[in-house]
Amino acid sequence: MKRLFVFFMLCNFLSFADDGSRLWLKYDLIKSEGQRKIYNKTYKKIVVLNQTPGTALAAKELQDALTGLLGTNIPISYESNNVTSRKKSIVLGLTEQGAEEGFTITGDSRSARIESKSEIGLLYGTFAFIRRIQNLEPITFKLTDIPKIKVRMLNHWDNADGTVERGYAGSSIWKWPELPETIDPRLIQYARANASIGINAVSVNNVNASSRFLTPEYLRKIKGVADMLRPYGIKVFISVNFKSPKTLGGLETSDPLDEGVKNWWQKKTDEIHEYIPDFGGYLVKANSEGEPGPQDYGRTHADGANMLAAALEKRDGIVIWRAFVYNADINGDRFQEAFNQFKPPDGSFHEKVVVQVKNGPIDFMPREPFHPMFGAFPKTPLAMEFQITQEYLGQSTHLTYLAPMFKETLDSKVDANYTVAEIVDGTKDRFPISVMAGVANTGSDVNWTGHPFNQANWYAFGRLAWDYSLSSEQIAKEWTNMTLSHEPSVVNSIVDLMTESLPTYIKYTYPLGLHHMMGEGHHYGPQPWLEKSGRPDWTSVYYHRADSKGIGFDRIGKMSNAISLYSKEVQNKWNNPATCDLNYLMWFHHLDWTYKLSTGNTVWDELMIRYFEGPEDVKSMQSQWESLKGKVDSEFFDNVAGRLKTQEREAYWWRDACYLYFKDFSKLPLPNGLKAPSRTLEDVKNIERIYHLR
């Protein structure tokens with residue numbers, strides 16, 4: 001009896017001491033005995049047809065999940081004859097019909113069947129089946145699912161020294177010094193997590209690339225990673241430095257039209273395939289923020305991309321060429337730069353080239369209008385690039401659920417007929433290649449992402465890359481059920497907390513479409529007063545344009561005519577400040593402080609109301625989270641509770657910095673009911689200064 005008591009005490013401790021390392025693949029016993037009985041009554045055995053390494057992998061994942069979730073050992077049986085009726089079984093089988101990565105699941109009160117044309121499709125179907133059980137969904141159903149995007153990719157900005165650019169969860173997960181002899185077992189968990197949400201590609205290194213990654217030393221290391229990821233359907237890409245023929249090959253030039261340079265890249269591509277036969281291809285950042293590129297030799301982006309594509313012509317790989325480019329021009333507008341540089345060569349890119357475009361025209365701001373390139377390049381496939389790591393969204397300190405931001409972009413109409421998502425997936429222009437990439441937020445922290453809720457952003461990106469029609473609320477509910485609780489009241493409270501987190505963050509940082517006012521270099525905290533930097537468009541004043549008359553960047557003709565890059569339908573939505581969505585107002589309009597908005601408030605009053613509401617909303621988030629104490633994992637709870645306290649302090653930092661700075665321009669009082677902070681502008685400037693101390 002004593003041993004039994006100790007056992008149950010241990011189980012209770014383990015169930016409330018989760019370090020987050022399992023992510024959403026938590027196969028803990030379902031607490032509802034009635035729900036377990038339903039599943040246990042129906043699923044007694046796993047039957048595998050067409051035995052292969054891939055089907056065996058899917059069966060083992062299913063067995064582990066069911067054993068943990070149902071508390072019963074579910075045996076695996078390998079059978080060759082394709083009998084359609086197997087009572088009390090889950091049948092895994094390959095078929096000759098269907099899409100390569102798609103799957104079909106059918107289930108009723110007697111059995112279930114998971115089928116796909118490919119082994120990886122069967123694994124995706126298996127994870128979808130497990131997800132249904134983790135979400136306590138009915139056993140009678142039929143689901144046929146095919147990914148809407150072909151290449152669903154994580155971009156890791158990992159460096160050879162183990163650091164991660166814009167990484168807020170520890171060092172690189174690849175552990176380069178140990179490879180290839182030692183491969184961290186955690187990478188299996190990483191591969192499983194990605195496969196469970198349909199991610200099928202990763203670029204392993206920083207887009208600000210070192211040529212070192214193309215040396216035999218590092219190709220051996222990358223091979224080790226590729227070999228480990230391959231069973232889970234994940235292909236490896238390498239970010240390359242365009243100057244590699246000079247720095248690595250000893251050539252006198254890296255001109256993409258030079259025959260010697262072409263031959264060097266062809267030989268390097270062939271060498272890579274000796275290590276990685278299913279190499280995914282190249283990811284390139286060129287002529288951007290000081291990185292080398294074809295423009296150094298008077299060539300176009302198409303010239304550079306096409307040279308690399310030619311090296312891959314007889315291979316399956318592709319070239320992903322980033323469109324994040326801009327010139328240093330105090331009289332210009334970074335909003336327009338990518339469009340202006342890439343529009344002339346539209347239609348001249350090799351069929352293996354995809355141009356990767358950030359979701360918005362500046363740089364992963366908390367809220368941006370969709371990039372004007374989407375919908376304006378009918379002859380070039382465009383990839384979507386989101387940032388999962390929260391460079392400008394509180395990093396690993398603030399709770400900010402990003403699925404609503406991803407959805408806002410994907411659901412935006414580029415014209416009267418098509419959405420951004422339908423540009424990316426090739427629906428509009430019928431491109432055979434489609435890519436959605438997310439800058440990864442993973443690191444060596446035990447819970448992978450620093451802030452526990454940042455796991456949900458990784459999860460949400462994968463689910464939307466697979467099916468962008470899913471709602472952010474549905475994804476949040478799935479993740480919560482799989483990670484924290486099945487109790488409806490708890491789930492509803494957490495989903496509400498998640499969906500309100502992004503609007504809250506925007507209130508106290510960038511309300512009404514303000515943008516790019518973060519601390520220099522570290523990109524953390526407010527610095528709206530920044531007026532000098534390495535280039536004008538790295539400053540804050542370049543963007544908010546605050547003066548004694550008003551605030552905002554006029555992009556409808558006076559400061560810039562960037563709005564003309566959009567379709568007439570979009571221009572009509574945003575070109576009039578009286579009808580423009582307030583979330584985008586300062587993106588397109590410089591307005592007087594006393595201009596009356598649709599809310600009935602002046603620009604100044606509305607701005608301050610939102611700034612002052614933001615920290616109060618964080619307090620509400622704290623109260624909502626506190627009400628869940630004892631209802632979710634204790635370690636998870638304490639971690640989030642501590643970060644919410646930091647978030648509150650920093651929300652006031654943002655509020656005070658922006659109020660104290662902008663009031664010197666507006667010369668207006670706060671709206672009635674709002675109390676001015678006791679600290680001075682110099683006080684908040686000193687907070688930012690400590691980030692630059694060494």
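User: How do strand 4 and strand 5 pair, parallel or antiparallel?
Analyst: Antiparallel, over four bridges. The two strands form a hairpin, with four residues between them.

User: And what is the bridge partner of Ile105 in strand 6?
Analyst: Leu143. Strand 6 covers residues 141-145 and pairs with strand 4 in the antiparallel sense, over five bridges.

User: Which side chains of strand 4 are buried?
Analyst: Phe103, Ile105 and Gly107. They point to one face.

User: OK, confidence. What's the average pLDDT of the protein chain?
Analyst: The average is 95. A pLDDT of at least 70 is reached by 96% of the residues.

User: Where is the pLDDT below 50?
Analyst: Over residues 1-15. Beyond near neighbours in sequence, that stretch has one contact in the model. Where pLDDT is low, the predicted coordinates should not be read in detail.

User: New topic. Which strands close into a barrel?
Analyst: There are eight, in the order 7-8-9-10-11-12-13-14. The pairing is parallel. From one strand to the next, the twist averages 25°.

User: How many bridges join strand 7 to strand 14?
Analyst: Five, and the two strands run parallel. Arg152 has Met436 as its bridge partner in strand 14.

User: Which strands does helix 8 touch?
Analyst: Strand 9 and strand 10. Helix 8 spans residues 259-275 and packs on the sheet. Its direction makes about 125° with that of strand 10.

User: What about the loops? Where does Pro180 lie?
Analyst: In the loop between strand 7 and helix 5. A cis peptide bond joins Leu179 and Pro180, with omega about 0°.

User: What is the phi of Gln395?
Analyst: About 55°, which is positive although Gln395 is not a glycine. Gln395 lies in the loop between strand 13 and helix 11. His516 also has a positive phi, near 55°. His516 is in the loop between helix 15 and helix 16. For context, most residues other than glycine have a negative phi, and most peptide bonds are trans.

User: Is His516 buried or exposed?
Analyst: Buried, because its relative accessible area is 4% and the cut-off for buried is under 20%. Gln395 is buried too, at 10%.

User: Where is Glu61 found?
Analyst: In helix 3, which covers residues 53-70. Glu61 has a relative accessible area of 6%, so it counts as buried.

User: What does Glu61 touch?
Analyst: Leaving out residues up to four places away in sequence, Glu61 touches Tyr27, Phe127, Ile130 and Arg192.

User: How many residues are in the largest nonpolar core?
Analyst: It has 219. Trp625 and Phe662 have the most contacts inside it. Helix 20, residues 634-666, gives the largest share, with 14 residues. In soluble globular proteins, nonpolar side chains tend to be buried together.

User: Which residues does Trp625 touch?
Analyst: Among them are Phe453, Ile494, Leu497, Phe636 and Leu644. That leaves out residues up to four places away in sequence.

User: Cysteines, then. Is Cys658 buried or exposed?
Analyst: Buried, with a relative accessible area of 0%. Cys580 counts as buried as well, at 5%.

User: Last one. How far apart in space are Asp429 and Lys379?
Analyst: 7.5 Å, C-alpha to C-alpha. In sequence they are 50 residues apart. Asp429 lies in the loop between helix 12 and strand 14. Residues up to four places away in sequence aside, Asp429 touches Phe377 and Pro378.

Technical notes: Residues numbered from 1 in each chain as written. Predicted model: local features only at pLDDT ≥ 70, side-chain atom pairs only at ≥ 80, totals over all residues. Heavy atoms only, no water. Buried < 20%, exposed > 50% of the residue type's maximum accessible area, 1.4 Å probe, protein only. pLDDT = per-residue confidence, 0-100. Contact = heavy atoms within 4.5 Å. Pairing = 2+ DSSP bridges. Axes fitted to C-alpha atoms, helices over the stretch in contact; angles between N-to-C directions. Core = buried A, V, L, I, M, F, W, Y, C linked by side-chain atoms within 4.5 Å.
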